[in-house]
Amino acid sequence: MAVTKGHGNPNWTREETALALELYFSLGKKMPSSNDNEVIELSNYLRGMEVHKDAEKNSSFRNADGIAFKVGNLRAVETGKGLQNTSKIDKHVWDEFGDNETGLKEFCDLIRLGVKALESEFELENIDEDDLEFEEGKVLTKVHKTRERNRSLRKKLIKKLQKNNICHCEMCGVEPNSSLGDFSLRMFECHHIIPVSESVRLKTKLSELSLLCANCHRLIHAAISQEKRWLQINEAAKLLSLSKSPKK
C-alpha cells in the first residue's frame with residue numbers, strides 16, 4: 001500500500017511531479033485553470049497509471065484541481081511567490097529539471113513509455129509498494145521487475161545456461177542442489193544487466209539477462225537503490241564484499 005497523507009491519497013512521486021512540470025512549461029509558465037483541457041488530460045492520465053491501481057485513494061486523487069494546485073506549487077518554487085505548500089519533491093524536481101527542459105522531456109517520454117509497457121504486459125506481478133525503488137522512479141522500477149519475473153524468459157535463460165553447463169549464480173557462484181530434484185532451480189531469478197532506462201526502451205533479450213540466486217538478486221537491487229546508480233554484477237559484488245566461488 002502506498003504511503004498516504006492529507007485526504008488519504010498517495011504522495012506525489014518524482015515521476016508525477018515531472019509530468020506536472022512538463023505541463024507548466026508547455027503552458028508558458030502560466031497558472032492554469034482546473035478547466036483547461038491540458039490539466040484535465042494530465043489528471044486522467046495520472047489517475048489511470050497502473051502503479052496506483054491498488055493504492056488507497058478517493059475522488060480527489062489527482063483530480064483537475066489537484067493538478068492545477070501542483071503546477072502552482074512548482075511555480076512557487078521557481079518564483080518564490082504564491083503558494084506556500086511546496087514539498088520536498090517539488091523542490092527536488094525543480095532543482096533537477098528547472099533549467100533542463102530537454103532532460104525533462106526525455107524523462108517524461110521514458111515515463112510514458114514505461115506506463116505503456118505496463119499496460120501491455122501479459123503477466124503483471126504484484127510488486128510490494130514498500131519494496132526498494134530505483135532512482136528512475138516507481139513506474140520504471142515496476143517495468144524492470146515485472147520483466148525480470150517473466151516465467152518464460154527465466155525458463156529459456158536456465159535452459160540455455162544448463163546446455164552450456166554454466167548454470168549458477170553470477171554473483172556468488174552458488175549452484176543448483178541436485179538433491180532437491182525439481183526444486184533445485186527455484187532459488188534462481190533473472191536479472192537485467194543493462195540500466196533500467198534501456199531495459200524499458202527495448203524488448204528483453206536473453207543476452208541482457210544474468211542468473212542470480214534470490215538472495216543476491218535482492219542484494220544487488222538494494223545496492224542499486226542505495227547508490228542511486230546502475231551497478232554491474234561484479235561492481236555490486238565488490239561493494240557487498242561477495243565473490244563468486246571458484247569453479248572446480
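This is a predicted model: local features need pLDDT of at least 70, side-chain atom pairs count only at pLDDT 80 or more; totals for chains, interfaces and linings use all residues.
Residues are numbered from 1 along each chain as its sequence is written, and side-chain values use heavy atoms, with hydrogens and water left out.

**The whole chain**

Switch to a cartoon view and you will find 10 helices and 4 strands; helices (H or I, at least four residues) and strands (E, at least two) are DSSP runs, numbered from the N terminus. Starting at the N terminus, the order is β-β-α-α-α-α-α-α-α-β-α-β-α-α. Of the 248 residues, 43% are buried, where buried means under 20% relative accessible area, exposed over 50% and partly exposed in between (1.4 Å probe, protein chains only). Contact means heavy atoms within 4.5 Å; among contacts between residues at least 6 apart in sequence, 66% join residues at least 24 apart.

**First stop: α1 and α3**

Select residues 14–26 (helix α1) and 64–79 (helix α3), which pack at an angle of about 75° with their axes 9 Å apart. Axes are lines fitted to C-alpha atoms, for helices over the stretch in contact, and angles run from 0 to 180 degrees between N-to-C directions. The two helices, α1 and α3, are therefore roughly perpendicular to each other; angles under 35 degrees count as roughly parallel, over 145 as roughly antiparallel, 65 to 115 as roughly perpendicular and the rest as oblique. Now show side chains: α1 brings Thr17, Ala20, Leu21, Leu23 and Tyr24 to the contact, and α3 brings Ile67, Lys70, Val71, Leu74, Arg75 and Glu78.

**Second stop: serine 43**

Move to helix α2 (residues 37–47) and pick serine 43. Is serine 43 buried or exposed? Serine 43 is buried, at a relative accessible area of 5%. Beyond its neighbours within four places in sequence, serine 43 is in contact with Arg62, Asn63, Ala64 and Ile67.

Next, select strand β3 (residues 188–192) together with β4; they pair in the antiparallel sense over 5 bridges, and two strands pair if DSSP finds at least two bridges between them. Glutamate 189 stands opposite leucine 212 in β4, and histidine 191 has serine 210 of β4 as its bridge partner. In β3, 4 of the 5 residues are buried. Strand β4 (residues 209–213) has 5 of its 5 residues buried, so it is largely enclosed by the rest of the structure.

Which elements do the buried residues of α6 pack against? They pack against α1, α5, α7 (151–163), β3, α8 (196–201) and α9 (214–227). In α6, 11 of the 11 residues are buried, including Lys138, His144 and Glu148.

**Last stop: glutamate 133**

Finally, pick glutamate 133 in the loop between α5 (101–120) and α6 (138–148). Glutamate 133 is partly exposed, with a relative accessible area of 34%. Leaving aside neighbours within four places in sequence, glutamate 133 is in contact with Lys138, Thr141 and Ser225. Its C-alpha atom is separated by 9.0 Å from that of isoleucine 224, 91 residues apart along the chain.
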